[in-house]
Amino acid sequence: REEHLLRSEKLRVVGELASGMAHEIRNPLTTVKGFLQISKANGYNIENWYALIMDEINRMSDLTAEFLQFSKPHATQFRVHSLHECFQRVISLTESEATRLGHEILYECTQEQINVVMDQDKMVQLLLNIVKNAYEAMPENGVISLRLNRQNQYAVLEIADTGKGIPADQLEKIFHPFFTTKDSGTGLGLSICHKIVQDHQGTIEVESFIDQGTKFTITFPLASKDEEQDLIHAA
Ligand code: ADP
Ligand code: MG
């Protein structure tokens, strides 16, 4: 029964998102169509509009790609995994981009054995989305500090940047689908994060100071002893 409720709740959310998506995609489509019609009617060279059209198409492409992460039927694979490993994967995936932007990545892990029952791909996706936002919030030569530790029965993950910060009146909106302050943003990244955190019985909080930076704190219940056995057997 509870599962049934959960499912209808999910369908409602997907439905709401789908109508949002239709709206978000119609705007760039209308723009691209308009450009093409004007070009044809006036015998303009399409090259003049090329960059604009490309931007709009890329935006639609990003929107659909990110939307797929929500609705992907792919069965979630919940197993015991190490969060330390997830952080390492995220660092190796983003290191070259950080170097390119002149950012420094600091990583501190108080204990390597911090294990959580998770869908590992989703967990990496969650961290990547937040790290990507951190990069985008810092012009250059920023510092991103990742921390992993345990407190009582919880894993505590911190991702802090030295970026531009988030105005107080926007703090509650950042997790809403399609809320973005970026020219080419989709506004889906953090709503996907929120869903992933919920699916893992976790919590996510944000603290931000203008021109100083932003810190996301995420917690997850640690895997139990029985669940840890699962990890040992799987290894
Ligand atoms: P997008 O990155 O496509 O804009 P997100 O859902 O990832 O969408 O983020 C929503 C908004 O939250 C961003 O547009 C930005 O205004 C704000 N935001 C998120 N993370 C940060 C951060 N680390 N620093 C400053 N602003 C942020
Ligand atoms: Mg984002």
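Tutor: Before we start: two residues are in contact if their C-beta atoms, placed from the backbone, lie within 7 Å. And keep in mind that we're looking at a predicted model.

Student: Take contacts in the protein chain between residues at least 6 apart in sequence: what share joins residues at least 24 apart?
Tutor: The chain has six helices and seven strands, running in the order α-α-β-α-β-β-α-β-β-α-β-β-α. Of the contacts you ask about, the share joining residues at least 24 apart is 74%.

Student: Which helix gives the largest share of the shell around ligand 1?
Tutor: The shell has 21 residues, with A137, T180, G185, G189 and L190 the closest. Two helices, α4 (120–137) and α5 (189–199), each supply at least two residues. The largest share, four residues, comes from α4.

Student: How many residues of that shell around ligand 1 are polar?
Tutor: Sort them by type: seven are nonpolar and three are charged. The polar ones number 11.

Student: How far apart are the end C-alpha atoms of α4?
Tutor: Helix α4 has 18 residues, and at 1.5 Å a residue it should span 26 Å. The model agrees with that, because the end C-alpha atoms of α4 are apart by 26 Å.

Notes
Residues are numbered from 1 along each chain as its sequence is written. Chains are lettered from A and ligands numbered from 1 in the order in which they are written. This is a predicted model: local features need pLDDT of at least 70, side-chain atom pairs count only at pLDDT 80 or more; totals for chains, interfaces and linings use all residues. A residue is near a molecule or strand if its C-beta atom, placed from the backbone, lies within 6 Å of it. Ala, Val, Leu, Ile, Met, Phe, Trp, Tyr, Cys and Pro count as nonpolar, Asp, Glu, Lys and Arg as charged, and the others, Gly among them, as polar. The expected span of a helix is 1.5 Å times one less than its number of residues.
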